[in-house]
Amino acid sequence: DPATQKVLWKVPQATQDEMKAAVSVAKAAQKEWAAASVSERQRVMFGFQHLIREDMDNLAKLITQEQGKTLGDARGDVFRGLEVVEFACGAASHLMGETM
């Protein structure tokens with residue numbers, strides 16, 4: 001906590017093997033994501049949007065604890081992140097007939 005200098009959590013450092021395993025899983029997941037239709041991706045993003053909305057206050061509190069921001073600033077950060085997700089949710093209708 002930057003305000004008190006108290007250690008809030010300790011996170012273990014990943015080993016080289018753990019990092020390689022994570023990259024391998026991420027590569028496989030990316031292939032699956034690339035094969036998903038736009039509507040399937042959109043449903044995933046709507047689910048993500050719901051999770052953010054459901055936990056906005058907790059996310060803001062975590063940002064406050066980890067970065068020392070005021071709660072108002074942290075809520076603004078979460079809201080701006082939510083706006084990015086909302087844009088992604090609506091992107092499908094903006095891309096009709098276009099290729100990216």
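The structure is a predicted model, in which local features need pLDDT of at least 70 and side-chain atom pairs count only at pLDDT 80 or more, while totals for chains, interfaces and linings use all residues. Residues are numbered from 1 along each chain as its sequence is written, and side-chain values use heavy atoms, with hydrogens and water left out.

**Overall form**

- The protein has four helices and zero strands, where helices (H or I, at least four residues) and strands (E, at least two) are DSSP runs numbered from the N terminus.
- The radius of gyration is 18 Å, well over the 13 Å that the globule rule gives for 100 residues, so the protein is more spread out than a compact globule; this radius is taken over C-alpha atoms, and the rule is 2.2 Å times the number of residues to the power 0.38.
- Buried residues make up 14% of the 100 residues, buried meaning under 20% relative accessible area, exposed over 50%, and partly exposed in between (1.4 Å probe, protein chains only).

**Salt bridges**

- Four salt bridges are found in the whole structure, each being a side-chain nitrogen of Lys or Arg within 4 Å of a carboxyl oxygen of Asp or Glu.
- One of them joins Glu 86 to Arg 53, with the closest N and O atoms 2.3 Å apart; Glu 86 lies in helix H4 (residues 71-94) and Arg 53 in helix H2 (residues 38-54), so the pair ties together parts that are 33 residues apart in sequence.
- Lys 69, Asp 77 and Arg 80 are linked in a network of salt bridges, and Asp 77 is partly exposed, at 24% relative accessible area.
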